[in-house]
Amino acid sequence: MTRRSCAIYATGIVCAHLLIVGIALVVAQVFQTMIHSRLKKEITLTEKSQMFEGWKNPPPPVYMEYYFFNVTNVEVFLAGGKAVVKQIGPYTYREYRPRENVTFLENGTKVYALNPKTFVFVPEKSAGDPEVDILRTVNIPYVAVMNELDSYSFFLKTLVSMYMNGLGIELFMTRTVHEVLWGFKDPLLSKIHSMKPEVDEYFGLMWKKNGTHEGEFVFHTGEENYLDYGKIDTWNGLREMSWWSSNQSNMINGTDGAVFHPLINRNELLYIFAADLCRSIHLAYVEDVEVKGIQAYRFAPPSDVLMSPKDNPTNEGFCVPAGDCLGTGVLKVSVCREGAPIVVSFPHFYQADPKYINAVEGLSPNKEEHETYLDLQPTTGVPIRACKRAQLNIILKRVQGFPKTKFINETIFPIMFVNETATIDDESASQMRTMLLIVTLVSNFPLLIVGMGIILLLVLVILFCRNRQRTVGSAPVMWTELSY
């Protein structure tokens, strides 16, 4: 056997082995299964606490942008006209949210943690100075008192109204943005505090929320099932709430929005428990996006999350008392926040019934500025970019005994909205891209083997053809030699 023939046979044997092994690995998905098993295993090694550093101290910077609705025609509104508001802001704060008192429970299957939040003003990302800028908005303590007295006698309400007038307290107040946001000593609450010390004499939308947490959480670690990674087991010792009027509405579902299980697919619904909304919401897949060179799935709350119970009966449980329902796009949360009749929505009543948008002049909802969304890297389940947007509103209506409300039309009045954003930092994005490249290479290794087999097959064909041509070309010479 010549050297050329040996090369052809060796190439053929190697080619056959590569093709057989490569195709078998592709069909069996051995490497893909190995990667998936590795991803599932990594999140269950709870004894290695260093793996939770990213969870305990999230690296992406979180910013809170506060926008307020400044009322420009109070007198017209009190006389029965339509309110006109002008959006001011943003007033941006860097949010620090480390997890503290992290303690593993039940053999590492659960983890206890507190999540205090601290806010630091960022002037270069803000449109003004909150300690200087003036805001005219609804006097929420005034409305809270009216709401508490609504079921009392007309005589008592009239006396309280006269007393409030004597103190010079109006339905609308003028304060700095800083006071409305972080608190001030309210004259009405101070009077109530003198009679009922348990009532705080200070008021602010974020009063006592700087440096505090939203409750005690116990999370699943994914030790028993990777799909449970990050899911909330209990909140303040509760596995379900009691504010709403149905068992389904009272359920605490999903994670806190900071982490999700790996290997996310486009067809699943993701659940998040929002303590500030007193409920769980679900997000559905919207589209594929790219963030800093990383492919991600975008999830967002579908329109049925805040849809009217008439169109989505599953939302009937959020009507408290049962049957007392608002329209599409708004949710009354005063059941879990004592005092004023607070209503939440998306900014500018995005996805809400047009009647709420048209009741106030100066609103212009749009998807780009007012949609809440979450961009997740599907392989790891890591949030790459998040944007949580929510608006705080209050119900203003006529209350007998309070003459200043005599002519107003019942309105869900916008107070402010917040845009909470976080995007993966450059260093983490670089590490993520490297890790995903390795995952891709390992997952596609069988295809590389098949590719090498195909290349060797082409080489084999070329060698075989050349050898055949050489054999045919040498035949006449041999015949001539034999004729002599």
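I take two strands to pair if DSSP finds at least two bridges between them. Helices (H or I, at least four residues) and strands (E, at least two) are DSSP runs, which I number from the N terminus.

**Basis.** I am working with a predicted model, in which local features need pLDDT of at least 70, side-chain atom pairs count only at pLDDT 80 or more, and totals for chains, interfaces and linings use all residues. Residues are numbered from 1 along each chain as its sequence is written, and side-chain values use heavy atoms, with hydrogens and water left out.

**Entry 1: the chain as a whole.** I counted 12 helices and 20 strands in the chain. I then looked up burial, where buried means under 20% relative accessible area, exposed means over 50%, and partly exposed lies in between (1.4 Å probe, protein chains only). Of the 484 residues, 46% count as buried. For contacts I required heavy atoms within 4.5 Å. Among the contacts between residues at least 6 apart in sequence, 64% join residues at least 24 apart. Accessible areas come from the Shrake-Rupley method with a 1.4 Å probe, and for residues only the protein chains shown count as cover. The chain exposes about 25,100 Å², of which carbon and sulfur atoms supply 57%.

**Entry 2: strand β1.** I examined β1 (residues 62-71) and found nine of its 10 residues buried, so the strand is largely enclosed by the rest of the structure. Strand β20 (residues 411-423) runs antiparallel to β1 and is joined to it by seven bridges; there, M416 is the bridge partner of F68. With strand β2 (residues 83-96), β1 pairs in the antiparallel sense over nine bridges. In β2, I found V85 as the bridge partner of V71 and R94 as that of Y63.

**Entry 3: other partners of β2.** I followed R94 onward to β5, where its bridge partner is V120. Strand β5 (residues 118-121) runs antiparallel to β2, with four bridges joining them. Strand β17 (residues 360-361) pairs with β2 in the parallel sense over two bridges, and I noted V84 opposite E361 in β17.

**Entry 4: a four-stranded sheet.** I traced an open sheet with the order β3-β4-β10-β11 and antiparallel pairing. Its edge strands, each pairing on one side only, are β3 (100-105) and β11 (232-235). Neighbouring strands of this sheet are turned by 20° against each other on average, direction ignored; the axes are lines fitted to C-alpha atoms, for helices over the stretch in contact, and angles run from 0 to 180 degrees between N-to-C directions. Four antiparallel bridges link β3 with β4 (residues 110-114), and F104 has V111 as its bridge partner in β4.

**Entry 5: N115.** I located N115 in the loop between β4 and β5. Is N115 buried or exposed? N115 is buried, with a relative accessible area of 9%. Leaving aside neighbours within four places in sequence, I list R97, P98, R99, T212 and H213 as its contacts. N115 and E214 are 99 residues apart in sequence, yet their C-alpha atoms are 7.1 Å apart in space.

**Entry 6: a surface patch.** I define patches as residues with over 30% relative accessible area and no salt bridge, joining like charges within 9 Å and nonpolar side chains (Val, Leu, Ile, Met, Phe, Trp, Tyr) within 5 Å. A salt bridge is a side-chain nitrogen of Lys or Arg within 4 Å of a carboxyl oxygen of Asp or Glu. F155, L159 and M162 form a nonpolar patch on the surface, with about 350 Å² of accessible area together. L159 lies in helix α6 (residues 154-166) and is partly exposed, with a relative accessible area of 42%.
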